[in-house]
Amino acid sequence: MARIVSATVEGIAEAAALLRAGEVCAFPTETVYGLGANALSDLAIQKIYQLKGRPAFNPLIVHVENMAQVRDLVTSIPSQVALLARRFWPGPLTLVLPRAAHVPARVSAGLDTIAVRVPAHPVAQALLHAAQLPICAPSANRSEQVSPTRAEHVAKSLPDVPLILDGGPCDFGIESTVVDLTREHPVLLRPGAVAVSKLIPMLPNLVLPASPGAFLSEGDAHHAPGQMKRHYAPRAPLLLFSDATALPLDRMPSPVGWLVIDPPPAGLMRPSDLIEPLPDDPTLYAADLYAALHRLDDRQVQAIVVQRPPHTLAWLAVLDRLERAAHGSEKAFDSQ
Ligand code: TXA
Ligand code: MG
């Protein structure tokens, strides 16, 4: 079983020693918990893919302490980086840049680019400082499962991780925003914790998806590598609804978990059903979304029904995660 260690100076030193020895460990960031390894060691990177059951085509994000470390990992710094770094780093913005040849290709799943960010969480910063290494870290969950925002979520999803640094719940609760700066125009590859409305003033020519759902369409030219259609998925099938009265509730075994902004119409919920009310604000909603899905899974719900949030730019990151979590569940309750 994974050992959860409080993120004290000693705990951080132990985690740093593990990383320097080519092992992995989990640690908190301001977005979600990450599963870290030395980004310059091909063997250490392989351990991340093995533990997560992650497909080899899905590249990792490299976490660094500062701009100097970014420079060590890339062949050039695109012109927009200085401004973006000053405004958003440390913080939940990931930039895709041209990868330097000495960085193992495996970290980027063979691409000639590399995704980097400077995390804001004090424990992540202390770990980077103690390890003196760039740390590649995907979210610390089994591939396709719900991302972890608490140390216990990591232990549940990845029991074989040798050490989990516990830094309490993550503030943002949703992954970083990923922007590719290696193309003619900057491209939003993954909506996330930095709202698009904050990016546009600094990147007026940012290429956005045609609609929130466009991230999921097959053959999309701006599809982020490794962003699978089914992802962030709880154990129970998850259905998104706009009209609760149209749900196939008679075909759903009890208990059903309701993840809603507004209370469902009277009479629809059965006595054994569970409700997780979430706030009508995209930032606050995102902060509790994964934790709410973990709570419902822990309580063995047989299905999760989620009220579809508004189809607006402010909800883009949340909509993206919900659409992926729902992918493939449509057929679970078909009649016949
Ligand atoms: O908030 C976060 O970013 C968290 C914390 C731990 O930092 N990490 C995270 O990693 O969400 P992960 O592995 O769950 O998602 C990484 C995603 C990939 O699936 C891919 O879509 C994108 O980042 N990515 C990574 N490297 C890339 C590259 N070279 N080019 C394009 N996209 C890349
Ligand atoms: Mg992930």
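## Basis of the values

Residues are numbered from 1 along each chain as its sequence is written, chains are lettered from A and ligands numbered from 1 in the order in which they are written, and side-chain values use heavy atoms, with hydrogens and water left out. Because the model is predicted, local features need pLDDT of at least 70 and side-chain atom pairs count only at pLDDT 80 or more, while totals for chains, interfaces and linings use all residues.

## The shell around ligand 1

Ligand 1 is surrounded by 25 residues, a residue being counted if one of its heavy atoms lies within 4 Å of the ligand. Thr31, Arg54, Asn58, His63 and Ser176 are the closest. By class the shell holds 13 nonpolar, 8 polar and 4 charged residues. Here Ala, Val, Leu, Ile, Met, Phe, Trp, Tyr, Cys and Pro are nonpolar, Asp, Glu, Lys and Arg are charged, and the others, Gly among them, are polar.

Three strands, β4 (61-63), β6 (113-117) and β10 (187-190), each supply at least two residues of this shell. The most comes from β6, with 4 residues. Helices (H or I, at least four residues) and strands (E, at least two) are DSSP runs, numbered from the N terminus.

An N or O atom in the side chain of Arg117 is 3.1 Å from a ligand oxygen. For a polar side-chain atom of Ser139 the distance to a ligand oxygen is 3.1 Å, and for an N or O atom in the side chain of Arg190 it is 3.0 Å. Taken alone, ligand 1 exposes 680 Å², of which the protein buries 99%; accessible areas come from the Shrake-Rupley method with a 1.4 Å probe, and for residues only the protein chains shown count as cover.

## The largest pocket

Ligand 1 sits in the largest pocket, in the sense that more than half of its atoms lie within 2 Å of the pocket's grid points. On a 1 Å grid over the protein atoms alone, a pocket is an open set of points where a 1.4 Å probe fits, with protein on both sides within 12 Å along at least five of seven lines; lining residues have an atom within 4 Å of a point.

The volume of this pocket is about 580 Å³, meaning the space filled by probe spheres set on the points, with grid points joined across faces, edges and corners. It is lined by 38 residues, and Arg54, Pro59, Ile61, Val178 and Arg190 are the closest to its centre. Two or more lining residues come from each of β4, β6, β9 (177-180) and β10. The lining divides into 16 nonpolar, 14 polar and 8 charged residues.

## The second largest pocket

The second largest pocket has a volume of about 430 Å³. Its lining has 22 residues, with Gly192, Ala193, Val194, Ala195 and Thr283 the closest to the centre. Helices α4 (81-88), α7 (196-199), α8 (282-298) and α9 (316-326) each give two or more residues to it. By class, this lining has 17 nonpolar, 3 polar and 2 charged residues.

## Backbone features

The peptide bond from Trp89 to Pro90 is cis, with omega near -5 degrees; Pro90 is in the loop between α4 and β5 (93-98). Ser254 and Pro255 are also joined by a cis peptide bond, with omega about -10 degrees. Pro255 belongs to the loop between β11 (238-241) and β12 (256-260).

Glu144, although not a glycine, has a positive phi of about 80 degrees. The loop between β7 (135-136) and α6 (151-157) contains Glu144.

How values were computed:
Polar contact = N/O pair within 3.5 Å; in protein donor to acceptor, adjacent residues only side chain to side chain.
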